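Please examine the sequence and the structure shown here before reading on.

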Amino acid sequence: MRCTRVALYDIKTGTFDEVVGQAKSGMVPLFKESQGFVSYGVAQVEKNAFVSISTWETRAQAETAGAKAAEWVKANSRDHFTLRSNYVGDLAIDTGHREPVPTAR
């Protein structure tokens, strides 16, 4: 079963567009190079807050991604945004996940 990581961040300085730029140049490559990576997205949910949503093949990989993200934020962006909360959970519904179709014999 796939897992997702949802992290809520507060923007301390700058704009959401600046956050998106940082995510594209920093988090996207970091996650794409990580084992079990499926997808990643960022959405503004309040004027000064956004969520990061990533999907992973396993819970352990999702939890590892959380640790990697925290390290990256600490090293690169802690003056611009900070983590408010982090969640990891098993996906009960995953419309992006396709079961293999049996082949006719």
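A polar contact is a pair of N or O atoms within 3.5 Å; within protein, one must be able to donate a hydrogen and the other to accept it, and residues adjacent in sequence count only if both atoms are side-chain atoms. The model discussed here is predicted.

## The surroundings of R5

A polar contact of this kind, at 3.2 Å, links the side chain of R5 to that of Y9. R5 belongs to strand 1, which covers residues 3-11. R5 is buried and yet takes part in no salt bridge. E63 is the nearest side chain of opposite charge, and it is 10 Å away. Because a salt bridge requires the side-chain nitrogen and the carboxyl oxygen to be within 4 Å, that distance is to be read against this cut-off.

When neighbours within four places in sequence are set aside, the residues in contact with R5 include F31, S52, W56, A62, N86 and Y87.

## The largest cavity

How many cavities of 30 Å³ or more does the model contain? The count is one, and the largest cavity holds about 70 Å³ of space. Among the residues that line the largest cavity are Y9, V19, Q22, M27, Y40, F50, S52, W72 and F81. Two or more lining residues come from each of helix 1 (16-32), strand 3 (49-56) and helix 2 (59-76). Helix 1 provides the largest share of the lining, with four residues.

## Salt bridges

There are six salt bridges in the structure. One of them joins the side chains of R2 and D94, with an N to O distance of 3.6 Å. R2 precedes strand 1 and D94 follows strand 4 (81-90), so this pair ties together parts that lie 92 residues apart in sequence. R2 is buried, at a relative accessible area of 16%, whereas D94 is partly exposed, at 24%. R2 and D94 are also linked with E57 in a network of salt bridges.

Another salt bridge is formed by R59 and D90, whose closest N and O atoms are 3.7 Å apart. R59 is in helix 2 and D90 in strand 4, so the pair connects parts 31 residues apart in sequence. Both residues are partly exposed: R59 has a relative accessibility of 35%, and D90 has a relative accessible area of 45%.

Note on methods: Residues are numbered from 1 along each chain as its sequence is written. This is a predicted model: local features need pLDDT of at least 70, side-chain atom pairs count only at pLDDT 80 or more; totals for chains, interfaces and linings use all residues. Side-chain values use heavy atoms; hydrogens and water are left out. Buried means under 20% relative accessible area, exposed over 50%, partly exposed in between (1.4 Å probe, protein chains only). Lys and Arg count as positive and Asp and Glu as negative; His and the chain ends are not counted. Contact means heavy atoms within 4.5 Å. On a 1 Å grid over the protein atoms alone, a cavity is a set of points where a 1.4 Å probe fits but cannot get out, and a pocket is an open set with protein on both sides within 12 Å along at least five of seven lines; lining residues have an atom within 4 Å of a point. Grid points are joined across faces, edges and corners, and a volume is the space filled by probe spheres set on the points.
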